[in-house]
Amino acid sequence: MTTRSKTPEPTDASLDSRHFDDTTLDLIAAKLLDEGVRGRGLPTRRTLEPLASNAETDVAEGPWASATREAIPSFPATERTIPSEVAPYAAPSTPNIPPRESLPEAAAGATLDPAVAALWSAPRLGRAELPLNLEALDGALPRLFDDPGVSRRIASTGATSSYYFLAPTLVEPPRGAATQISRRSFDVNEIRRDFPILSERIHGKQLVWLDNAATTQKPNAVIRRIVEYYEHEYSNVHRGAHTLAARSTEAYEEARKKLRRFLGAGSPDEIVFVRGTTEGINLVAATFGRKFVGKGDEIVLSTLEHHSNIVPWQFLAQQVGASIRVVPVTDRGEVLLEDFERTLSTRTKIVALTHVSNALGTVLPVADMIQIAHRGGACVLIDGAQAVSHFPVNVQALDADFYVLSGHKMFGPSAIGVVYGKKALLDQMPPWQGGGNMIRRVKFEHSTFADPPGRFEAGTAALAPAVGLGAAADYLTRIGMDNIERYEQELVSYATERLATVPGLRLIGTASHKAGVVSFVTDSIPAEEMGKLLDQDGIAVRAGHHCAQPTMDRFGLEATVRPSLALYNTHDEIDQLERAVRRALEK
C-alpha cells in the first residue's frame, strides 16, 4: 500500500541544500561521474495484435496514403502499461577523479569539508548502487548540485560541432551501451521542495495549487537552467562565428534531442519547436491540411476537444470546402471505439484527437483509434498537452503521425511547445511562415527552403524556453513517468472518492480511465463563485468552460469547477479541498 502523502511545512532552503564553491562542486561531480554513469531509454511495452490492413484503401485513400502506409516505417501499436524493463543508453566518458593530494585544501594542509572527504574515503560504489543519473542532463542532478553549471563544465569536450567550427558545450550521450539508470525514488515531500512557489502563502494560507491542467509550476532545475543559459550561453543560434553562438546552438539543439528521447521519436529532425500546442495544431492544419485536404473531404474530431483542436480545423474546412464530423461521448465522458469507427468514412483525411480531455480528464484509447484511422487511410494528430506530464508517451509505439504538446503544462517554461511529425510527412509539408532560418537560398525570383525541422522554425526561436523545456524533460525522466503515473492515479481515485461524499456536489466526467482532473458542479454555488471562495482558503482551481465549450454543451453546463492534480499534490491537499467545499456549501 502506498503511504498517504502529506503536505510538508515550508522549510528554509538551507535545511535541504549544501553550498560549496565551484572547485569543490567540480571535484564532487567528477568523483560521482568516475564511479559510473547510467542512461535510461524507452519503456518496453506489451505488443497488441495490429489491426488488419486494407490493401485497397492503402493505395486509394488520399494523396498521402503512400507516405503513411509505405514510406513511413511501421511501428507496432502497443497498449500503454507501466513498463517492466528499460532499454538503456549510456552517458559520455568522464574524467578521472584527481588524487586527494591534488586538492587545493590538501596541498595547503587544510581540513577537507566532510562531504568532500567522504567521497575519497568511502569504498567505490558499484554501478547498480549509483543513486542518480548524471549523464549531463541539464537540471537532472541531485540537490547537492544546485549549480547547473557543474554538469555543463564536466560535459565540455573537444568534439566537433555539427553547426560551426567551434567545439560544442554539450555532448549527446552515445546510444546502445548496456547500462541501466537508477532513478530518483518517488518521494512527494522531496519533490515539493523542488518547487519554490509551493511555499507561497495566499490570503495567509499555504498555497494549494490545483490548477495544473491550466499550467504547472516550475522546479528549481528548470528555473536555474534558464538562468544559467542567460548568464553563460545566450546568443542567437545557427549563425555567428563566435563562441557564444556555438554554445547557444548546442544548448538549443540539445534540448531538441532531449524531447526526442522523452517522446520516443525516431530522430531529432522529427521535433519542431513552436510556441505551444495551439500553434502546433495551426501549423499542421495550415501546411499538411492545406496540401492534402480538399473539397468534400472530412476531418474527424471528438466532442472532448479543446478549442485549439477545433478552430484551426474549422479554418481549414472553410478554406478548402471540407466538413467536420464529431465523435460523441457517453454520459460518463468516454469515447467508445464503435462510435469512433462509425464516424469515419472513406472521405476521412485527418483525425485530430485529444489524448486526455482537459475538461474531464478522460484518457482516450488513442492507440486503438490511430490503428483504426490508419486502416482507413487517414492521418492522425494527437493533442498531448494534458498527457505528457501524467504518464509515459512513446509516439512511435502509438504510431501517431503528429503529436503536439506545450512546455508550460509539463513543468517547463511558457511560450514553447513541440510538434512531433513523422519525417516522411514533414518532408512533404510546405513552409508555414517565411523569414530567416527556414530558407536554403533566397533570390528575388524564388526561394528554396530548409529541410525539417528548420523549415518550420522561421525567425529567432524561443531559445531559453526551449532549453528550459529540455531541463523539464530531464526532470520528469529522472523521477520516472511510470512512478508519476502510479502516484497520480492514486490521487485521482482518492479525490474522486472524497468529493463524491459531499452533499450537493455532482462530479462531471466519471470515465474509468482518467488522468489529473476531477471536475464538479454544485447545486447552490456557481462555478466561478466557488473558485473565488476556494481562493480565500489558498486553494487555486480553474472555474469556467476550460476552452472546451462543446464538452460543456454535451453535459448541459456553462462551467465547472476543475481541480487538477500533478506529481507534487498530496492527499492532505485533497482533504483541504473537500473541507473548503463543504464549508462553502454549508454557509
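How many Å² does the accessible surface of the protein come to, and what share of it belongs to carbon and sulfur atoms? The accessible surface is about 24,000 Å², and 52% of it belongs to carbon and sulfur atoms. Such areas come from the Shrake-Rupley method with a 1.4 Å probe, and for residues only the protein chains shown count as cover.

A word on the model itself. This is a predicted model, in which local features need pLDDT of at least 70 and side-chain atom pairs count only at pLDDT 80 or more, while totals for chains, interfaces and linings use all residues. Residues are numbered from 1 along each chain as its sequence is written, and side-chain values use heavy atoms, with hydrogens and water left out.

## The overall picture

The protein has 587 residues, and 57% of them are buried. Here buried means under 20% relative accessible area, exposed means over 50%, and partly exposed is in between, with a 1.4 Å probe and protein chains only. The secondary structure comes to 20 helices and 17 strands; these are DSSP runs numbered from the N terminus, with helices (H or I) of at least four residues and strands (E) of at least two. Take the contacts with a separation of 6 or more: 76% of them are between residues 24 or more positions apart. A contact means heavy atoms within 4.5 Å.

## Helix pairs

Two packed helices are described by the angle between their axes and the distance between the axes. The axes are lines fitted to C-alpha atoms, for helices over the stretch in contact, and the angles run from 0 to 180 degrees between N-to-C directions.

| Helix pair | Angle | Axis distance |
|---|---|---|
| α8 (residues 220-232) and α16 (residues 463-479) | about 145 degrees | 8 Å |
| α8 and α9 (residues 243-263) | about 160 degrees | 10 Å |
| α17 (residues 481-499) and α20 (residues 571-586) | about 20 degrees | 10 Å |

α8 passes α16 in a right-handed crossing. On the α8 side the contact is made by Ala-221, Val-222, Arg-225, Ile-226, Tyr-229 and Tyr-230, and on the α16 side by Leu-463, Ala-464, Val-467, Gly-468, Ala-471, Ala-472 and Tyr-475. By class, these residues are eleven nonpolar, one polar and one charged. The nonpolar class holds Ala, Val, Leu, Ile, Met, Phe, Trp, Tyr, Cys and Pro, the charged class holds Asp, Glu, Lys and Arg, and the others, Gly among them, count as polar.

With α9, helix α8 makes a left-handed crossing. A crossing is left-handed if the near helix is turned anticlockwise from the far one by less than a right angle, and right-handed if clockwise. The contact brings Arg-225, Tyr-229 and His-232 of α8 to Leu-244, Arg-247, Ser-248 and Ala-251 of α9. It divides into three nonpolar, two polar and two charged residues. The angle makes α8 and α9 roughly antiparallel to each other. Angles under 35 degrees count as roughly parallel, over 145 as roughly antiparallel, 65 to 115 as roughly perpendicular and the rest as oblique.

How are α17 and α20 placed, roughly parallel or roughly antiparallel? Their axes are about 20 degrees apart in direction, which makes α17 roughly parallel to α20. Their crossing is right-handed. Glu-490, Leu-491, Tyr-494, Ala-495, Arg-498 and Leu-499 of α17 touch His-571, Ile-574, Asp-575, Leu-577 and Glu-578 of α20. This contact has six nonpolar, one polar and four charged residues.

## Single residues worth a look

Ile-223 lies in helix α8 and is partly exposed, at 35% relative accessible area. Beyond its neighbours within four places in sequence, Ile-223 is in contact with Pro-196 and Lys-218. Its C-alpha atom is 8.8 Å from that of Gly-412, 189 residues away along the chain.

Tyr-487 sits in helix α17 and counts as buried, with 6% relative accessibility. Tyr-487 and Asp-187 are 300 residues apart in sequence, yet their C-alpha atoms are 9.9 Å apart.

## Backbone details

Most residues other than glycine have a negative phi, and most peptide bonds are trans. His-203, in the loop between β1 (201-202) and β2 (205-206), has a positive phi near 55 degrees and is partly exposed at 47%. Asp-399 has a positive phi near 65 degrees; it is in the loop between α14 (395-398) and β9 (402-406) and is buried, with a relative accessible area of 13%. Finally, a cis peptide bond with omega of about 5 degrees joins Pro-452 and Pro-453, and Pro-453 is found in the loop between β12 (447-449) and α16.
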